[in-house]
Amino acid sequence: QVHLVESGGGLVQAGGSLRLSCAASGRTFSSYAMGWFRQAPGKEREFVTAINWSGRSTGYADSVKGRFTISRDNAKKTGYLQMNSLKPEDTAVYYCAMSSIAAGAPIASAAYNYWGQGTQVTVSS
């Protein structure tokens, strides 16, 4: 079993930066892929980025490429999402997720079987 807790969300002006963290419990953190998803009001949850168990493989949504960076520290059982050059359209609840059932860095939410509670990110214009 894996329990995930996100932190680091908040209010930031457009062009600013935030770093989200995802702390995990459980002994198998280093074996699982990790992803970040987001859901804006009135919209479906969407893929943001993912990283494989070793950190050597990553994937990004086109909307965040070049601005967001995913990373992980397996020794600390923590994943990170560095968000730079934030835009108002990045406003959403951000969720971290982990997959014990899929290889690589999956982009489909169905590939993830553990989810955090979410953290709000609000970008003002």
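**Strands, rings and core**

Trainee: In which sense do β4 and β5 pair, and over how many bridges?

Mentor: The two strands, β4 and β5, run antiparallel to each other and are joined over five bridges. Please keep in mind that this is a predicted model.

Trainee: Which residue of β5 is the bridge partner of Arg-38?

Mentor: Arg-38 is bridged to Glu-46 in β5.

Trainee: And what lies between the strands in the hairpin of β4 and β5?

Mentor: Six residues lie between them in this hairpin, where Gly-42 takes a positive phi near 80°.

Trainee: How many bridges does β4 form with β9?

Mentor: There are seven bridges, and β4 and β9 also pair in the antiparallel sense. Within that pairing, Trp-36 has Cys-96 of β9 as its bridge partner.

Trainee: Is β4 enclosed or open to the outside?

Mentor: β4 is largely enclosed by the rest of the structure, because six of its seven residues are buried.

Trainee: Let us change topic. How many aromatic pairs does the structure hold?

Mentor: It holds five aromatic pairs. One of them joins Phe-37 and Trp-115, whose ring centres are 5.1 Å apart.

Trainee: Why is that pair called tilted?

Mentor: The planes of Phe-37 and Trp-115 stand at 55°. Planes under 30 degrees apart would count as stacked and planes over 60 as edge-to-face, so what falls between is tilted.

Trainee: Where in the chain do the two residues of that pair sit?

Mentor: Phe-37 belongs to strand β4 (residues 33-39) and Trp-115 to strand β10 (residues 114-115). They are 78 residues apart, and the pair thus links distant parts of the chain.

Trainee: Is Phe-37 buried or exposed?

Mentor: Phe-37 is buried, at 2% relative accessibility. Trp-115, in contrast, is partly exposed, with a relative accessible area of 29%.

Trainee: Which aromatic pair do Tyr-112 and Trp-115 form?

Mentor: Theirs is edge-to-face, with 6.2 Å from centre to centre and 65° between the planes. Tyr-112 is buried, its relative accessible area being 4%. Ring pairs also bring Phe-47 into one cluster with Phe-37, Tyr-112 and Trp-115.

Trainee: Which rings have a charged end sitting over them?

Mentor: The charged end of Arg-19 sits over the ring of Tyr-80, 4.0 Å from its centre. Likewise, the charged end of Arg-72 sits over the ring of Phe-29, at 4.7 Å from the centre.

Trainee: Now the core. Which residues touch the most other members of the largest nonpolar core?

Mentor: That core has 35 residues, and those touching the most other members are Leu-4, Trp-36, Phe-68, Leu-81, Met-83, Tyr-94 and Met-98. Several strands each supply at least two core residues, among them β3 (18-24), β7 (68-73) and β11 (119-124).

Trainee: Which strand gives the largest share?

Mentor: β9 does, with five residues.

Trainee: What does Leu-81 touch?

Mentor: Beyond its neighbours up to four places away in sequence, Leu-81 touches residues including Leu-20, Trp-36, Val-48, Phe-68, Ile-70 and Tyr-94.

Trainee: What tends to happen to nonpolar side chains in general?

Mentor: In soluble globular proteins, they tend to be buried together.

Trainee: Finally, where does Gln-1 lie, and is Gln-1 buried or exposed?

Mentor: Gln-1 lies in the segment before β1 (4-7). With 78% relative accessibility, Gln-1 is exposed.

Trainee: Which residues does Gln-1 touch?

Mentor: Leaving out residues up to four places away in sequence, Gln-1 touches Ser-25, Gly-26 and Tyr-114. Its C-alpha atom is separated by 9.9 Å from that of Phe-29, 28 residues along the chain.

Technical notes: Residues are numbered from 1 along each chain as its sequence is written. This is a predicted model: local features need pLDDT of at least 70, side-chain atom pairs count only at pLDDT 80 or more; totals for chains, interfaces and linings use all residues. Side-chain values use heavy atoms; hydrogens and water are left out. Rings of Phe, Tyr and Trp (its six-membered ring) pair if their centres lie within 6.5 Å; planes under 30 degrees apart count as stacked, over 60 as edge-to-face and the rest as tilted. Helices (H or I, at least four residues) and strands (E, at least two) are DSSP runs, numbered from the N terminus. Buried means under 20% relative accessible area, exposed over 50%, partly exposed in between (1.4 Å probe, protein chains only). A charge sits over a ring if NZ of Lys or CZ of Arg is within 6 Å of the ring centre and within 35 degrees of the ring normal. Contact means heavy atoms within 4.5 Å. A nonpolar core is a set of buried Ala, Val, Leu, Ile, Met, Phe, Trp, Tyr and Cys residues joined through side-chain atoms within 4.5 Å. Two strands pair if DSSP finds at least two bridges between them.
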